[in-house]
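Here is a short note to read beside the structure. Keep the view open and find each residue as its name comes up.

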Amino acid sequence: MQPTFPLNAWYAAAWDAELKRALLPRTIAGQKIVLFRKVDGTAVALEDACWHRLLPLSKGRLEGDELVCGYHGLVYNTHGRCTYMPSQETINPAACVRTYPVAERHRYVWMWPGDPALADPALIPDLHWNDDPAWTGDGKTIHVKCDYRLVVDNLMDLTHEAFVHGSSIGNRAVAEAPFEVTHGNRTATITRWMRNIDAPPFWAGQLQHARGYVGKVDRWQIIRFEGPCTIAIDVGVAPTGTGAPEGDRSQGVNGYVLNTITPESGRTCHYFWAFARNYCLNEQRVTTELRDGVARIFGEDEIILEAQQVAIEEHPDHTFYNLNIDAGSMWARRLIDKMIGGEQRTVPIRVAA
């Protein structure tokens with residue numbers, strides 16, 4: 001079977017606040033790992049299978065910076081090397097588990113499941129709005145029972161807002177507005193402007209609260225995909241005629257929908273998302289309401305995506321036909337396929353069922 005995700009990439013494994021002095025099991029790109037923090041707070045990721053009898057190490061416990069297997073008590077250091085075996089002084093030199101490159105950036109703990117020699121931190125996707133002092137916001141994680149690429153497709157074509165999210169962020173203007181597609185070696189961008197329209201309920205409420213304005217707006221959606229699975233969406237509205245399309249957004253409200261989707265298996269994924277804004281920065285109530293409101297919106301997406309996954313499995317020979325609106329997702333798929341095709345799979349993995 002052809003692989004559906006590259007291994008030589010940084011994937012979000014957890015929120016920074018999610019990772020503590022405790023064992024956190026997670027499956028990333030088909031590989032079972034266990035994450036934890038050392039005494040000094042440094043993040044660690046090890047293969048979640050004891051060398052001895054393959055019991056998940058996440059069933060064990062931490063002692064200082066070492067992990068003790070919960071079956072026979074073998075002890076592993078943060079480099080994956082066994083440092084203790086019961087009832088013997090000599091430790092088998094082969095007794096080790098794989099360790100993974102880990103980095104923390106933009107409120108996420110990132111893990112590299114491929115060749116560790118290629119794990120360049122400069123390749124971590126840019127989601128700086130998550131911790132930029134000029135922005136504020138929050139997010140959550142959704143475990144979605146679908147191929148991660150379906151989530152990418154969904155985010156690259158926002159015309160579905162008019163039909164899936166009509167009571168909140170969607171209106172017909174999204175489905176009818178023209179858009180522009182550009183792409184690079186690892187990125188694809190969809191730019192859509194909707195001028196002199198009625199704001200959907202979500203944005204009308206934000207603009208009235210932050211600026212006291214009620215009326216026609218200019219709305220924008222600028223979707224930037226970065227391979228293999230990170231999408232930052234520049235969104236907002238401004239009073240019509242105040243210069244937003246020309247670059248002056250000062251009269252409006254601006255947000256970023258930050259998304260990075262981590263494949264778990266070929267049909268499940270971890271969907272990390274956040275909504276960041278640059279207005280009403282000190283209003284925690286707004287942050288909480290926005291997080292919970294966006295969670296409800298993404299819950300609507302989850303229903304669609306999981307139903308789509310079931311239908312795809314029921315019709316394995318079906319050929320999909322692309323419309324003009326699929327241009328962004330088509331480019332994203334090409335870039336993902338390019339990353340997969342360029343890999344030399346030299347690192348053995350245990351693939352989750």
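**Notes on the model**

1. Start with Asn-130, which sits in the loop between S10 and strand S11 (136–144). This is a predicted model. Is Asn-130 buried or exposed? Asn-130 is buried, because its relative accessible area is 10% and the cut-off for buried is under 20%. Now look at what surrounds Asn-130. Neighbours within four places in sequence are left aside here. Asn-130 is then in contact with His-106, Arg-107, Tyr-108, Leu-258 and Ala-274.

2. Pro-125 is in the loop between S10 and S11 too. Pro-125 counts as buried, because its relative accessibility is 3%. Which residues touch Pro-125, leaving aside its neighbours within four places in sequence? They are Trp-10, His-106, Trp-110, Glu-226 and Thr-230.

3. Next come the aromatic rings. A pair of rings is described by the distance of the centres and the angle of the planes. How many aromatic pairs are there? The count comes to 13 aromatic pairs. Take Tyr-108 and Trp-110 as an example. Their ring centres are 5.8 Å apart and their planes meet at 90°, so this pair is edge-to-face. Tyr-108 is buried, with a relative accessible area of 1%. Trp-110 is buried as well, at 0%.

4. Tyr-108 has another partner, Phe-272. That pair is also edge-to-face, with 5.7 Å from centre to centre and 70° between the planes. Where do the two residues lie? Tyr-108 is in strand S10 (residues 108–111), and Phe-272 is in strand S17 (residues 269–277). The pair therefore ties together parts that are 164 residues apart in sequence. Both Tyr-108 and Phe-272 are buried. Trp-15, Tyr-108, Trp-110 and Phe-272 form one aromatic cluster.

5. Rings can also have a charge over the face. Arg-277 lies over the face of Tyr-279, 5.9 Å from the ring centre. Arg-334 lies over the face of Trp-331, and here the distance to the ring centre is 4.7 Å.

6. Now turn to the helices. Two packed helices are described by the angle between their axes and the distance between the axes. Helix H1 (residues 148–156) packs with helix H6 (residues 327–341) at an angle of about 145°, and their axes are 8 Å apart. Is the crossing of H1 and H6 left-handed or right-handed? The crossing is right-handed.

7. Which residues make this helix contact? H1 supplies Tyr-148, Arg-149, Leu-150, Val-152, Asp-153 and Met-156. H6 supplies Gly-328, Ser-329, Ala-332, Arg-333 and Ile-336. Sorted by class, the contact of H1 with H6 has six nonpolar, two polar and three charged residues. H1 is mostly covered, and nine of its nine residues are buried. The buried residues of H1 include Val-151, Asn-154 and Leu-155.

8. Check the backbone next. The peptide bond from Gly-227 to Pro-228 is cis, with omega near 5°. Pro-228 lies in the loop between strand S14 (217–226) and strand S15 (230–239).

9. Ala-29 has a positive phi, near 50°. Ala-29 is in the loop between strand S2 (24–28) and strand S3 (31–37). Leu-54 has a positive phi too, near 65°. Leu-54 is in the loop between strand S4 (43–47) and strand S5 (61–63). How do they stand for burial? Ala-29 is buried, because its relative accessible area is 0%. Leu-54 is partly exposed, with a relative accessible area of 48%.

10. Finish with Asp-40, in the loop between S3 and S4. Is Asp-40 buried or exposed? Asp-40 is exposed, because its relative accessible area is 57% and exposed means over 50%. Asp-40 and Val-68 are 28 residues apart along the chain, and their C-alpha atoms are separated by 18 Å.

Methods: Residues numbered from 1 in each chain as written. Predicted model: local features only at pLDDT ≥ 70, side-chain atom pairs only at ≥ 80, totals over all residues. Heavy atoms only, no water. Phe/Tyr/Trp six-rings, centres within 6.5 Å; stacked < 30°, edge-to-face > 60°. Buried < 20%, exposed > 50% of the residue type's maximum accessible area, 1.4 Å probe, protein only. Helix = DSSP H or I, 4+ residues; strand = E, 2+ residues; numbered from the N terminus. Lys NZ or Arg CZ within 6 Å of the ring centre and 35° of its normal. Axes fitted to C-alpha atoms, helices over the stretch in contact; angles between N-to-C directions. Left-handed = near helix turned anticlockwise from the far one by under 90°. Contact = heavy atoms within 4.5 Å. Nonpolar A, V, L, I, M, F, W, Y, C, P; charged D, E, K, R; others polar.
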